[in-house]
Structures are given as structure tokens and as C-alpha cells.
Amino acid sequence: MQLYHHPYSLDSQKVRLALEEKNIDYTSFHVNPITGKNFDSSFFRMNPSAKLPVFQNGSHILYDTIEIIQYIERIALVSSGRDDPTLSSREVVEWMHKIQQWNPKFFTLFHLPVKYRLSVSKFLRRVLIARMAETPELASAYHRKLREAYETEDKMQDMEVLRRSEEHLERILDEAESKLGETTYLVGDEFSLADITFIPILSRLVLLNLEEKYINTRPNMAEYWNMVQQRPSYKKVIGRYFRSWRRQRTLLKTWCYVQIRRLLRRY
Ligand SMILES: N[C@@H](CCC(=O)N[C@@H](CS)C(=O)NCC(=O)O)C(=O)O
């Protein structure tokens with residue numbers, strides 16, 4: 001089994017948490033979306049949406065985060081050899097969908113320093129144009145991505161987009177806060193796929209320095225956040241890259257790559 005993913009990608013984090021929690025071995029391929037590696041023709045041919053993560057098991061390829069996580073759950077159940085295999089409850093699946101409906105893209109972009117955002121988006125557009133010239137048979141798919149990039153820039157001018165995204169996030173957080181007042185985890189007293197889907201969102205808020213506003217104002221969530229950070233899966237998938245000083249190192253590496261490529265005009 002192969003997973004194409006990146007530590008920066010929120011949906012990739014969800015899938016990797018599932019793989020770690022379920023103890024499933026896989027071959028890992030890092031595809032950095034900020035340096036435009038997701039536009040390399042080898043990856044783009046398999047996945048013209050260029051989105052991460054992608055999970056491959058033989059000829060079976062999955063692109064949808066929830067489908068991948070549920071597939072991992074089924075693999076874990078089959079390999080456990082238990083007589084009474086039970087899949088996640090309906091409530092867990094409902095929570096996963098509820099969380100997945102919030103798109104972190106605009107929220108994240110709005111909270112990045114404008115200078116970095118504009119520089120990276122310009123770099124990515126150049127990468128797309130370079131790949132288009134190298135691989136004309138994929139030109140129309142590259143063109144679609146380029147259009148998507150321009151549309152994203154347009155949306156970034158519209159503060160209503162940010163407001164809606166914030167409101168949507170607040171609704172999910174409020175509901176989670178009230179659930180966490182009754183139970184240890186999002187659904188009941190056992191860690192579930194719902195938590196796996198939720199943890200990367202909290203981690204993204206911390207990365208954007210928004211912990212005070214969104215987490216610490218909700219006491220049950222603040223306690224939950226402290227608890228889930230102790231899990232080995234969290235440490236391996238997220239903490240390793242983003243805890244304290246590590247996050248500067250992780251972000252600086254990518255930033256330097258982009259700047260050097262830009263200076264050399266190597267896309
Ligand atoms: N099909 C995925 C979408 C995943 C997604 O949006 N991935 C983001 C990172 S978390 C991505 O790869 N963005 C890069 C791009 O759109 O070019 C799902 O909803 O499960």
C-alpha cells in the first residue's frame with residue numbers, strides 16, 4: 001500500500017493518524033503542495049486534481065479522505081481476525097462528514113502573511129505553466145488547475161469568504177465543545193475515527209497562532225487538546241513537524257526551496 005501525502009496537508013494528516021492508530025504498514029511518498037510537487041507529471045497523471053492524499057492498494061486508488069480512512073478501518077478489522085468485527089458507528093461517521101465539510105483552504109490562506117501567500121501562489125502558477133509546456137498531453141488538466149489558482153486569488157479579495165469559513169468552523173467547535181462536556185472523546189469514551197478527523201483541525205489552529213481564540217476559550221476542548229497531543233500517533237504525524245521550534249524548521253525548509261527556485265527561475 002502506498003500513501004502520497006505531506007505533513008502540511010490537513011487531509012493527509014487525518015489519513016496518517018488513521019494508519020498509525022490502526023498500526024497499518026505502508027510505503028510513504030512525500031508530495032509537497034507548497035513547492036508544487038503535486039504538479040509533477042508522474043503524480044499529476046495518476047491524480048489530475050493534484051490534491052492530497054492519495055492512497056493506493058494495488059490497482060485500487062482512493063482520493064477521498066473519508067473513503068481512505070474507512071478503507072483503513074476495514075483493513076485493520078480484517079487483519080485483526082476478530083470474530084465480531086464492528087465498523088464505526090453511524091454517529092462517528094456523521095461527525096467525520098460534518099468535520100470534513102469545513103474546507104480549511106481559505107481560512108488558512110487568510111491567516112497567512114500576505115507576502116508569503118502571494119509569493120507562493122505566484123511560484124505555483126509558474127510551476128503549472130512550466131509543467132504544461134513539458135507535458136502537452138496533460139495541458140488541459142494543468143489549465144484547469146491554473147484557473148483554480150486564479151479563482152482562489154479572486155476569493156481572497158472577498159472578506160465574506162473568510163467570514164463564512166469562520167462561522168462554519170465556530171459551529172463545529174461549539175458543537176464539539178458541548179459533546180466534550182459529556183464524553184471524553186468526540187463520540188463516547190473511546191478514541192474514534194471522529195477524533196482522527198478532528199485533531200488536525202485543532203493542530204492547524206495552533207499553527208496559525210489561533211489557539212487562544214478558538215481552543216482556549218472552550219475549556220472542554222482545551223483539556224481534550226492537551227490529552228490528544230499525548231498520543232503516539234499525534235506525536236509521529238503532527239508533533240514531530242510542528243511542535244514548538246520544529247515548526248519554524250519545517251516551514252523554513254519549504255520557504256527556502258521556493259525562494260531559491262524563484263531566484264534561479266527553475267520551476
Ligand atoms: N479529495 C480530497 C481533497 C483533499 C484536499 O483538498 N487536499 C488539499 C490539501 S489538504 C490539497 O491537496 N491541495 C492542493 C491543491 O488543491 O492543489 C478530499 O476531500 O478528501
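This report walks through a sheet, a ligand shell, a helix and a few single residues.

## Before you start

What you're looking at is a predicted model: local features need pLDDT of at least 70, side-chain atom pairs count only at pLDDT 80 or more, and totals for chains, interfaces and linings use all residues. Residues are numbered from 1 along each chain as its sequence is written.

Helices and strands here are DSSP runs, numbered from the N terminus: helices are H or I with at least four residues, and strands are E with at least two.

## The sheet

Let's begin with the strands. In what order do the 4 strands sit in the sheet? They form an open sheet in the order 2-1-3-4, with mixed pairing. (Two strands pair if DSSP finds at least two bridges between them.) Strand 2 (27-30) and strand 4 (60-62) are the edge strands, each pairing on one side only. From one strand to the next, the twist averages 15 degrees; axes for such angles are lines fitted to C-alpha atoms, for helices over the stretch in contact, and the angles run from 0 to 180 degrees between N-to-C directions.

Strand 1 (residues 2-5) and strand 3 (residues 54-57) run antiparallel and are joined by 3 bridges. Follow Q2 across and you'll land on its bridge partner in strand 3, Q56. Strand 3 is also joined to strand 4 by 3 bridges, and that pair runs antiparallel too. Here F55 has L62 of strand 4 as its bridge partner. The hairpin of strand 3 and strand 4 has 2 residues between the strands, and in it G58 takes a positive phi near 60 degrees.

Now look at the loop between helix 2 (41-46) and strand 3, where you'll find P53. A cis peptide bond joins L52 and P53, with omega about 0 degrees.

A50 is found in the loop between helix 2 and strand 3 as well. Its phi is near 65 degrees, a positive value in a residue other than glycine. Is A50 buried or exposed? A50 counts as buried, because it has 22 C-beta neighbours inside 10 Å. (The cut-offs: buried means 20 or more other C-beta atoms within 10 Å of a residue's own, exposed means 12 or fewer, and partly exposed is in between, with C-beta atoms placed from the backbone.)

## Around the ligand

A50 and L52 turn up again in the shell around the ligand, together with S9, L10, D11, P33, N38, K51, Y63, D64 and T65.

Helix 11 (residues 219-228) has four buried residues to look for: M221, Y224, W225 and V228. Why are they on the same side of helix 11? They cover an arc of only 100 degrees around the axis, so they share one side; the arc is that of the directions from the helix axis to the C-beta atoms. As background, an α-helix has 3.6 residues a turn, so residues three or four places apart point the same way.

Those buried residues pack against helix 8 (159-180), helix 9 (193-207), helix 10 (211-216) and helix 12 (232-242). On the face turned away from the buried side sit the exposed residues P219, E223 and N226. N226 counts as exposed because it has 10 other C-beta atoms within 10 Å.

T197 sits in helix 9 and is buried, with 27 C-beta neighbours inside 10 Å. T197 touches K14, M96, I99 and Q100, not counting residues up to four places away in sequence. (Residues are in contact if their C-beta atoms, placed from the backbone, lie within 7 Å.) T197 and L10 are 187 residues apart along the chain, yet their C-alpha atoms are separated by 9.2 Å.

W255 lies in helix 13 and counts as partly exposed, with 16 C-beta neighbours inside 10 Å. Its C-alpha atom is separated by 9.7 Å from that of S119, 136 residues apart along the chain.

Finally, R265 is in the segment after helix 13 (246-264). R265 has a positive phi of about 55 degrees although it is not a glycine, and it is exposed, with 8 other C-beta atoms within 10 Å.

Methods. Contact = placed C-beta atoms within 7 Å. Near = placed C-beta within 6 Å.
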